[in-house]
Amino acid sequence: MTDPGTTTPAHTHEGADGSHTHGDADASQAPTAPARPKLAVWKFASCDGCQLSLLNCEDELLSIAGAVHIAYFPEATRAVVEGPYELSLVEGSITTPEDVKRIHEIRAQSGTLVTIGACATAGGIQALRNWADVDEYRSIVYAHPEYLSTLDTSTGIASHVDVDYELRGCPVDKSQLVEVLAAFLGGRKPRIPTYSVCVECKLKGNVCVPIASGQPCLGPVTQAGCGALCPSYGRGCYGCFGPQDSTNTDSLTHQLRKLGMRWDDIVRVYRTFNAGAPEFEAASNKVAAGGAS
Ligand code: SF4
Ligand code: SF4
C-alpha cells in the first residue's frame, strides 16, 4: 500500500459558483464564497459500488457538496467542469491499453489522487485473470473476441501512476471515505486504522468465529474498516479490506489447515476481492506451490 501521506488540497481560487477570484481582490468588496477545491470521481473496471458509497453518504453529502466543487462525477451528474482537479477519487482497476493511457492523463491533471476500493488498490476480483489464460477466456465468453482489446492482467492504480492515498474495502466504508475527504480539506493525514479485523471483533465483544464454530476467517490478516461486519453475524471474514500492515499469512494458513480446509480451498480464500494485493497474492502462490507449512 502506498504510504499514507497528507492529503493537502492544492489552493484554488475558484468561487462556489465556479467563477475565478483573484488573490489581490479589494478587501472592501463583498466577501466572496470560500474557495472550494475541485473534486473529480473516475471509474475504471469496477462495479460502481465504491462510487455509490460516496452517494450513500446521505447526511454528509450536502456538507461534502458545500466543501468541494463536484466537477466531474458521471455517476451523479452529467455536468462536467474541466480540470485540473485538486482531488481525484479513482475507482476500478486497469484492464485495457486505453485504461493505461487514461490513468496517466488523470494523474497529470490531479493534485491529489486517492484510490477507492479493492479494484483500484489491488485489481479487484477481476485480478483472478492474472492466474488465467485471458485469450482462452475471451474465446469462450465472446462470439468475436477479435474485437476486444484487453490486457492479460487486472492491476491496481498504483501499478501505473503515483497514488497519494489508497482507501481499502469492497466497497469502501463511507465513514472512512468521509474521513479521507475531511483530511484532504484539513491538509492532514487521514486517520484510518491499519490494525486487523480481529481488533474490531474484540472491541465489539464478538465471540471469535473460528474458535467458536470452526469456520475459516481472514480477520487476523485483514485490515479493519468494516466494523467486523461478517463476524458480528457469525460468519468468517472474507478479507474485503485487504491485508493489514503486519500480516502473518503463514500462521493463518496453518490455522486454516487445522480447521480442516483443503489446500485448494485455502488458495481460494486468499484469491477473492484482494487477490492481487501483494501479501495475499504471495500467500496464495505459496500454498498453490505446496510451499506452505
Ligand atoms: S472494490 Fe468492490 S464495491 Fe468497489 S468497485 Fe470494486 S467490486 Fe465494486
Ligand atoms: S471472528 Fe475472525 S476477525 Fe473476529 S476475532 Fe475471530 S479470527 Fe478475528
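Predicted model: local features only at pLDDT ≥ 70, side-chain atom pairs only at ≥ 80, totals over all residues.
Good morning. The largest nonpolar core of this structure has 64 residues, and Val90, Val114, Ile116 and Val180 have the most contacts inside it. Such a core is a set of buried Ala, Val, Leu, Ile, Met, Phe, Trp, Tyr and Cys residues joined through C-beta atoms within 7 Å. A residue counts as buried if 20 or more other C-beta atoms lie within 10 Å of its own, as exposed if 12 or fewer do, and as partly exposed in between, with C-beta atoms placed from the backbone.

Helix H6, residues 174–186, gives this core its largest share, five residues. Helices here are DSSP runs of H or I with at least four residues, numbered from the N terminus. The core also draws at least three residues from each of domain 1 (38–186) and domain 2 (197–288); the domain bounds come from an automatic or database assignment.

Residues are numbered from 1 along each chain as its sequence is written, and chains are lettered from A and ligands numbered from 1 in the order in which they are written.

Let us turn to the ligands. Which residues surround ligand 1? Among them are Cys47, Cys50, Glu91, Cys119 and Cys170; a residue is near a molecule if its C-beta atom, placed from the backbone, lies within 6 Å of it. Helix H1 (49–55) and helix H4 (118–122) each give two or more residues to this shell.

Around ligand 2 there are 14 residues, of which Cys198, Cys201, Cys208, Cys217 and Gly219 come nearest. Helix H7 (197–204) gives the most to that shell, with three residues, and helix H8 (209–213) supplies at least two.

Finally, consider helix H10, residues 249–258. Its buried residues are Thr249, Leu252, Thr253 and Leu256. They lie on the same side of H10, because they cover an arc of only 100° around the axis, the arc being that of the directions from the helix axis to the C-beta atoms. An α-helix has 3.6 residues a turn, so residues three or four places apart point the same way. The buried residues of H10 pack against helix H11 (263–270) and helix H12 (278–288), where contact requires C-beta atoms, placed from the backbone, within 7 Å. Ser251, His254 and Lys258 are exposed on the face turned away from the buried side of H10. After H10 comes Gly260, with a positive phi near 95°.

Conventions. Contact = placed C-beta atoms within 7 Å.
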